[in-house]
Amino acid sequence: MSELLRFATAGSVDDGKSTLIGRLLFDSKSIFEDQMASVADASERMGLEGPNLALLTDGLRAEREQGITIDVAYRYFATPKRKFIIADTPGHVQYTRNMVTGASTADLAIVLIDARKGVLEQSRRHAFIASLLRIPHLVIAVNKMDLVDYSEDRFNEIVEEFGSFAAKLDISDLTFIPLSALNGDNVVGRSEHMTWFEGSSLLHHLETVHIASDRNLIDARFPVQCVLRPHTDEFHDYRGYAGRVASGVFRAGDEVMVLPSGFTTKIKRIETFDGAVDGAFAPMSVTLLLEDEIDISRGDMICRPQNQPTSAQDIDAMVCWLADETVLSAGSKLSIKHTTRTARAIVKDVKYRLDINSLHRDEAAETLQLNEMGRVSIRTTLPLFFDEYRRSRETGSFILIDEATNATVGAGMILGET
Amino acid sequence: MNYELSHLKTLESESIHIIREVAAEFERPVLLFSGGKDSIVMLRLAEKAFWPAKIPFPVMHIDTGHNFEEVYEYRDRRVAELGIKLVVASVQDSIDSGKQVEQKGPRASRNQLQTMTLLDALEEHGFDAAFGGARRDEEKARSKERVYSFRDEFGQWDPKNQRPELWSLYNGRHLRGEHIRIFPLSNWTELDIWQYIAEDGIEVPNIYYAHEREVFERDGMLLAVTEFVTVMEGEKPETRTVRFRTVGDASCTGAVESDARTVQEVIDEVSATRVTERGATRADDRASEAAMEDRKRQGYF
């Protein structure tokens with residue numbers, strides 16, 4: 001059975017990110033002849049000497065014309081062990097907004113560092129965002145090792161420099177890999193030029209990194225998406241609650257509680273189109289049938305009586321502001337979407353703004369602008385049923401929507417009740 | 001209990017979650033069904049999302065009138081099985097009413113004309129969400145499109161002004177007249193689709209499997225000889241063993257030479273192929289480097 005691994009890559013064109021992705025796709029035979037031909041063609045028209053693999057990922061007209069990457073591009077490849085989804089995020093302009101979009105669902109992030117330049121402000125920023133979004137695994141790919149004579153000393157310097165910065169972050173699994181994307185060293189196979197390196201190649205790491213334990217199988221949470229009532233003769237009294245398990249495990253016979261009503265009942269059956277299942281765990285989409293008839297609708301949360309999420313209207317969260325035309329400040333009124341629940345929210349306070357380069361907290365700050373993040377207190381019109389983001393990405397995250405423009409303007413990671 | 005989910009089951013679950021979100025939050029969704037393998041899989045996922053209830057929205061076929069007979073037959077049978085409503089928006093009707101003008105010449109295709117018929121039909125029926133079977137691995141403009149793709153009142157896609165899309169929280173808010181295209185298969189690849197067809201035992205029109213057909217070569221593609229295309233001088237029709245990798249308007253959808261007569265043989269072929277699905281078979285994408293982006297901006301699928 002092959003598993004799915006989602007990973008995000010961060011870095012600028014100069015770090016060789018496109019070359020690295022091109023190399024992974026090429027060596028896993030996921031770049032096709034017509035794509036290569038069209039890249040070669042476009043490179044020639046641009047007067048380049050060889051095919052520029054960056055053109056594989058830069059798909060939009062403006063990107064090709066201006067030589068920049070505007071948005072997150074998704075790439076796919078597979079090996080016999082795993083299927084991979086790459087969210088390729090640009091490193092510059094609007095970096096934060098793009099990176100949070102690409103990284104919010106990632107199991108792993110790759111941050112590229114140019115071996116000649118060492119740890120730059122940008123590398124720190126990318127690593128910080130990865131830790132804030134709680135991407136479970138971080139890989140620091142020290143690229144262009146061929147340009148520093150495959151020097152073990154240079155690699156160790158970078159490991160040490162980055163390591164002392166990373167110690168300040170909340171990163172559970174950090175791996176350093178020296179490589180040359182251009183020559184293929186340590187990308188797919190082990191490098192002959194760096195026999196001093198005892199770790200595995202990047203692809204081998206991607207294929208084997210243990211992700212099954214990253215899921216929360218403890219806190220049973222089932223946000224109800226919709227109620228299924230067939231109204232047919234065969235299913236006359238059928239009433240099923242459709243949704244996707246956000247975390248934890250549900251089994252037939254389990255005692256469950258429904259929020260906000262607080263009623264308890266038991267799970268009668270867990271159904272799917274392909275038949276009933278004994279248990280459901282994240283991220284399975286299933287339908288729950290309950291023993292008792294209770295009034296349940298979209299936005300309600302099914303959990304266990306002994307293990308409930310926090311139910312509150314006053315919430316503190318790290319918010320990343322994604323809008324360029326407006327700012328977030330005390331008094332801002334927004335629409336908030338959390339699991340399957342939508343409410344309105346008012347910003348009570350901007351507690352501090354975080355300088356994502358120095359990790360300094362600016363407590364005098366009163367606003368958050370595009371690409372800025374900080375700790376914010378909000379009050380919602382309805383209680384939300386949440387867990388801390390660090391415990392559950394699914395029940396700990398929300399988005400903020402501007403009610404005038406309908407744009408998604410904020411991404412929130414819940415810290416707890418205010 | 002074993003808490004592992006295969007990559008296909010993970011993709012299936014993600015798609016079902018998206019389809020349920022749309023049904024819960026939009027007033028009038030519609031599923032765009034072409035009879036192609038992607039929309040067939042999408043329809044199956046919609047069936048799974050609401051079972052044992054019926055799919056709570058209609059399906060719509062933007063019919064160029066130049067489709068293969070097998071596709072119409074499949075469409076009608078499947079819709080009857082599911083007991084759901086089928087809306088057919090016909091490019092021929094748009095032409096007859098004078099809203100569109102048929103392209104001329106032997107290379108004429110109705111593919112471009114579909115956009116206006118689609119946008120008119122969405123407006124006429126007041127649909128505010130339209131499910132499409134597009135996948136991000138198909139084409140480079142698509143690789144940057146969101147699952148919920150906002151369209152303004154002209155149906156246009158603005159790639160530089162897309163809403164950030166985080167976690168599995170989708171923002172479907174829009175004003176009257178605007179709509180959202182929904183792509184539940186965004187993260188599926190061509191190979192995933194075929195593996196799922198095999199695993200789930202899904203039937204697809206038999207033109208996806210190898211068969212004998214009269215074809216001729218044009219611009220490096222094999223086009224079927226049908227009443228909808230004019231064979232030009234120098235083009236030599238001959239019978240070859242082919243199958244279709246994509247199914248669309250017969251005038252611009254190419255066949256590939258293939259001996260794959262079963263699902264497993266198709267999977268083996270797709271695993272080994274060195275040419276993308278659209279590169280091998282779609283004349284519409286060959287027009288220019290940014291052909292798909294341009295069409296999408298205008299409101300294409």
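Predicted model: local features only at pLDDT ≥ 70, side-chain atom pairs only at ≥ 80, totals over all residues.
Colleague: Which helix of chain B gives the most to the side of domain 1 that touches domain 2?

Modeller: In their contact, 22 residues of domain 1 of chain B meet 20 residues of domain 2 of chain B. On the domain 1 side, the elements giving two or more residues are H3 (69-82), H6 (190-200) and H9 (291-298) of chain B. The top contributor, with three residues, is H3(B).

Colleague: And how many residues of that domain 1 side are charged?

Modeller: That side of domain 1 of chain B has eight nonpolar residues and eight polar ones. The charged residues there number six.

Colleague: Nice. Turning to the two chains, which helix gives the most to the side of chain B that touches chain A?

Modeller: The contact takes 59 residues from chain A and 47 residues from chain B. Helices H1 (7-25) and H2 (37-50) of chain B each supply at least two residues of the chain B side. With nine residues, the helix that gives the most is H1(B).

Colleague: How many residues on the side of chain B that touches chain A are nonpolar?

Modeller: Of the residues on that side of chain B, 16 are charged and 13 are polar. The nonpolar group counts 18.

Conventions:
Residues numbered from 1 in each chain as written. Chains lettered and ligands numbered in written order. Contact = placed C-beta atoms within 7 Å. Helix = DSSP H or I, 4+ residues; strand = E, 2+ residues; numbered from the N terminus. Nonpolar A, V, L, I, M, F, W, Y, C, P; charged D, E, K, R; others polar.
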